[in-house]
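Welcome, and thanks for taking a look. Here is a short briefing to read alongside the coordinates, grouped by topic.

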Amino acid sequence: MPRLSIEDLKKIREESKATLTLRSGQARAKITVHMGTCGISAGARDVMGALLKEIEKLGLTDVIVTTSGCAGLCSREPMATVELRGEAPVKYVDLKPERILRVLREHVLEGKVVVDFALASGCETTA
Amino acid sequence: MPYRTNVLVCAGTGCVSGNSFGVAQTLENEIRKLGLDQEVQVIRTGCQGFCAEGPIVIVQPDGIFYCGVQQKDAVYIAQEHLLKGRPVRKLLYSPPAEKKPIPALKDIPFFAKQRLVVLRNRGAIDPERIDDYIAVDGYAALVKALTEMTPEQILGEIKKSGLRGRGGGGFPTGIKWETCRKAAVSRAVDPVVVCNADEGDPGAFMDRSIIESDPHSVVEGMIIGARAIGAKEGFVYIRHEYPIARERLKKALDQAREYGLLGENIFGTMMNFDIEIVQGAGAFVCGESTALMASLEGKVGEPRAKYIHTVEYGYKNRPTNLNNVETWANVPLIINRGAEWFTSMGSGDVSENPWGGSSGTKVFSLVGKVKNTGLIEVPMGIPLREIVFDIGGGIPEGRSFKAVQTGGPSGGCLPESALDMPVDFDSLTEAGSMMGSGGMIVMDDQTCMVDVARYFIAFLTEESCGKCVPCREGLRSSLDALNRITQGTGKPDDIGLLREIGEVMQDCCLCALGTSAANPVLSTIQYFKDEYEAHINKGVCPAGVCTALIEYQIDPEKCDGCHACVHGCSTNAIIGNVKQVHFIDKEKCIKCGACVEACKRNGILKVPRSHAA
């Protein structure tokens, strides 16, 4: 990518915003694994690894898996946020590889929130 | 005569493997014992089809459906339901559809009371993708600062916002920037901007988390600052122990460079600026600005006296503007949304001057004895109580609150009576603690405050650079006195001595590490003097922490001679034959408490040391 002009920046913003919020593109679901130091030390890498492997095995092409930093509630890591297109994001806590697979199966594929490890739905209050 | 009640116990394979035969047998025994065997019969049925929740028990004609029934539950069902007619609620099956839906994030106090400014993108964007940051209006403030604002206007906006240094000093950022710019202009020397990411306080991880979750916000803040000050060069001084943060920051810089957001002619303007990462080598003192700059130059990280300010003569004698990670991360939003928006959050009044209050939010790492440990961001001025009890969820395991330490190792410990105080720069300082960079450690009633002071003074003694005498010797003498007190050999005038040393350190130390180092001692003496006195005068540690002042005893009433403690003891200090009351050999006991954990009958007590010879 060459140096950006101010116009380029605006273009990137619009395009990325659409993908980030699942407004356009192929994806109908996004799974964000929270990978701050706290999450990683609690086992987020294993959770991520299991998730990626399963998605490859199932050949899912419409699910985005991405990472982000600490979600704030370090005592409940590893955490992940699952967002289906048009629905409020759901935060999962105390995850393990087998638990994220259940989330993938039941929530992402079947549309049922896995109440056992779901903390809450919705977004945080930003000022 | 027909039975009034039939109890159907599932005897399908699934439930049988969950011991449903045992459950049926127990039910029958209980029914007989209760004299109900003419009225109630137990029927073993085929599979009920709900194997996942087995063993299943259905009571007819009531139509009550129990799941996951164990033998002990069967006794209860017989007594409560079959005899008294009260269905056992906790064993009732509740179908998933009727379970309470998961709550909304805004209804959970941990999240509801937070207000995210610096952490606005936490968990929402991929920190390793610059496009994600751009998607959430990233670098829009930079465009504004470069194309619509003069450096003076940027300075004015930051000054008006009342932003104060988030590293703990609380110095108004706008004034710092302005002084640095003026020094650079009047001396015609290129200034430097520095980001202090040498976060070394035990239990503090705010800056690490900001860089890990949103590195570009720091980078953007620095570019805007450089524009305001006129700097071409910037550094991020980050500690060696933060590999993930460093890696993400490096990626962020590379991506920004590739997009031309760093380098020459940024966005086609005349502005040139780049940032270099410098790694610390593990010295706590290098978080102090002058020591940090010495370290940047490749010299030994020691502070110097600051009658000459670093904004005038800092890194390589150039005007140097140093701000903390969190301060930098606030900048893009202030530029984007304006000073007025920023001052709408916080306490006090900064309209006349930035010292008048604390505007904006503050990030804290909330740790210690609270249910929800984590990273939080709250508006300045929030009462301490709301942080500990609403966001933190209170003290776990039914214990009670004793103190909260703010401001890292050289902060102070505040008691229950201070909990209604607003959390801002000035209130905390007034109460004998400080904002510091935002570590917050909650302590429960099992914490010994003298031991806490000893721990922090031991840490600071290790970390003191040794350059100035009051810090080097003051800490050492304080540690000696605290060691004496916690070991039960404290002298009556030790409290006075600790106070005197502390006050001298506050007045005479070279840098802020030294002047604040006595805070843990002085604040615990101020608020918890009775604990010091108990140690010194009675040889008692009220919290039962100081090992020299306690001993373990076996309660002969409770000991059944099971030998579990004997196996748990690593020094063979527990004597006794199986099935006879054991006792502890005090000569051998190292008071590790392993026996307490091993005993299943709560039979080992921690008691004050006995003075009997």
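**Charged pairs, cores and a surface patch**

Lys250(B) counts as partly exposed, at 42% relative accessibility (buried means under 20% relative accessible area, exposed over 50%, partly exposed in between, with a 1.4 Å probe and protein chains only). This is a predicted model, where local features need pLDDT of at least 70, side-chain atom pairs count only at pLDDT 80 or more, and totals for chains, interfaces and linings use all residues. Side-chain values use heavy atoms, leaving out hydrogens and water, while residues are numbered from 1 along each chain as its sequence is written and chains are lettered from A in the order in which they are written.

**Salt bridges**

- Over all chains, the structure holds 48 salt bridges (a side-chain nitrogen of Lys or Arg within 4 Å of a carboxyl oxygen of Asp or Glu).
- Lys250(B) pairs with Asp254(B), with 3.4 Å between the closest N and O atoms; Asp254(B) is partly exposed, with a relative accessible area of 34%.
- Both residues sit in helix H11 (residues 243–258) of chain B, 4 residues apart, about one turn of the helix (helices are DSSP runs of H or I with at least four residues, strands are runs of E with at least two, and both are numbered from the N terminus).
- In Lys586(B) and Glu551(B), the closest N and O atoms of the salt bridge are 3.1 Å apart.
- This pair links distant parts of the chain, 35 residues apart: Lys586(B) lies in the loop between strand E18 (583–584) and helix H23 (594–598) of chain B, and Glu551(B) in strand E16 (residues 550–554) of chain B.
- Lys586(B) is partly exposed at 48%, whereas Glu551(B) is buried at 7% relative accessibility.
- Through shared partners, salt bridges join Lys250(B), Asp254(B), Arg257(B) and Asp274(B) into one network.

**Nonpolar core**

- The largest nonpolar core has 83 residues, and those with the most contacts inside it include Tyr139(B), Ile154(B) and Trp177(B) (such a core is a set of buried Ala, Val, Leu, Ile, Met, Phe, Trp, Tyr and Cys residues joined through side-chain atoms within 4.5 Å).
- Helix H10 (residues 215–229) of chain B gives the most to this core, with 8 residues.
- Domain 2 (130–344) and domain 3 (361–538) of chain B both give residues to this core, so it lies between them (the bounds come from an automatic or database domain assignment).

**Surface**

- Tyr307(B) counts as exposed, at 70% relative accessibility.
- Tyr307(B) is found in the loop between helix H12 (289–296) and strand E8 (320–324) of chain B.
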